[in-house]
Amino acid sequence: MSQSKQQIYQRELASGTLTVKTTSDVCLDTLFDIAERRNPRRAFLFVSKVLGRHIPVSPTVMNKSYVNLAAGMPANLPEPVLFIGMAETAVGLAAGVFREASKCIAQSVFLTSTRHPVDGDLLCEFKEDHSHATDHLIYHPEDTTLRERAKNARTLVLIDDEATTGKTFLNLLQALRDAGLDTLARVVTVTLTDWSGDAISQNCPLPVDVVSLVKGSWSWTPCPDAPVPVMPSVNVTARGSASLAKRQDWGRLGMHETSCNLGDALRTEKGERILVIGSGEFVWQPFLLAERLENDGAEVRFGSLTRSPIAIGMAIKSVIAFTDNYGLGIPNFIYNIAHHTYDRVIVCVETPVDTVCPELLAQLRKISPRVEVISYE
């Protein structure tokens with residue numbers, strides 16, 4: 001059997017050089033590009049081309065990654081199985097993987113971490129040390145049956161867009177065990193790209209299965225003369241002044257079945273070029289809407305508002321900056337849409353319609369004659 005040839009992927013950033021090595025047959029350029037974080041803790045960012053977060057992507061492309069990742073998971077996992085997605089970037093990815101993988105699991109439950117406190121019972125807190133927003137909260141499921149599944153879970157499936165060191169997964173596992181989830185016997189990590197090597201398996205107290213579209217290793221050579229980036233003040237885990245939708249059925253308080261409950265009245269025409277925008281952690285219901293519109297014949301792209309501060313250059317061709325819709329008073333951004341045009345833009349939020357920043361709406365009207373805001377109420 002012939003061995004796969006090593007790929008070496010290297011990018012020169014203002015603050016240093018990133019080198020990625022893999023023996024995967026997948027062309028790395030099809031999965032991601034690199035950008036420079038405005039974050040002194042970690043200077044680079046893998047910007048996914050299949051995630052629908054910083055680069056707008058068709059729902060079909062996004063769903064393909066869900067299907068492929070779910071297919072790579074082991075069969076016959078000990079049940080119940082608790083799936084957890086990592087806010088904010090991987091909330092939609094995790095829900096998509098859960099939708100596919102749970103078809104073969106009798107007792108499953110999905111939760112997502114959050115930086116937006118809600119009315120519920122807190123299960124645990126944990127840290128994502130390198131992030132622009134370090135503190136995560138995880139709540140017990142609202143539904144009694146789902147709560148019992150989470151409490152008695154034997155398999156833990158942790159889902160993120162990428163793993164560089166595996167430390168965040170390990171922090172979360174420890175927090176869950178400290179919170180009383182003492183029946184866990186197996187861990188599955190699921191990422192689009194995994195650069196952590198064997199770090200998770202070597203440092204995890206439980207058996208681990210690692211699932212990703214591509215695996216490899218990375219190294220970072222800093223430039224000694226590079227200025228330290230200044231990060232906007234986005235490290236906030238708190239309630240804002242805007243009220244959240246009472247429906248938290250897409251992950252924060254547990255999810256079992258997935259159905260589109262947003263934008264029922266919206267219709268499209270064949271070939272209409274639509275950009276559907278999720279907001280922060282609220283991306284799964286907007287994705288399901290985008291998927292429905294695409295199935296109805298529209299040419300759809302999906303992107304998201306985010307608090308992630310990224311510099312212009314390389315993977316980031318354009319940025320719109322504005323104030324968040326949660327009433328936290330923090331900067332938000334949307335990347336790689338300002339240099340495109342669309343027939344229609346649909347902004348989806350879990351806060352009231354009037355919480356969307358007027359500056360964002362003004363900028364969106366420059367790229368589309370039709371801008372709509374819908375709320376999950």
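Is Asp 119 buried or exposed? Asp 119 is exposed, with a relative accessible area of 65%; exposed means over 50%, buried under 20% and partly exposed in between, with a 1.4 Å probe and protein chains only.

Colleagues, a word on the basis. This is a predicted model, in which local features need pLDDT of at least 70 and side-chain atom pairs count only at pLDDT 80 or more, while totals for chains, interfaces and linings use all residues. Residues are numbered from 1 along each chain as its sequence is written, and side-chain values use heavy atoms, without hydrogens and water.

I turn to the salt bridges. The structure holds 17 of them, each being a side-chain nitrogen of Lys or Arg within 4 Å of a carboxyl oxygen of Asp or Glu.

Asp 119 has such a bridge with Arg 239, with 2.8 Å between the closest N and O atoms. These partners stand 120 residues apart. Arg 239 is likewise exposed, at a relative accessible area of 51%.

A second bridge joins Arg 186 to Asp 209, again with closest N and O atoms 2.8 Å apart. Arg 186 belongs to strand 10 and Asp 209 to strand 11, so the pair ties together parts 23 residues apart in sequence; strands are DSSP runs of E, at least two residues, and are numbered from the N terminus. Arg 186 is partly exposed at 21%, as is Asp 209 at 22%.

Finally, Glu 272 pairs with Arg 370, the closest N and O atoms being 3.9 Å apart. Glu 272 counts as buried at 13% relative accessibility, whereas Arg 370 is partly exposed at 41%. Through shared partners, salt bridges join Glu 272, Arg 344, Arg 370 and Glu 372 into one network.

How values were computed: Helix = DSSP H or I, 4+ residues; strand = E, 2+ residues; numbered from the N terminus.
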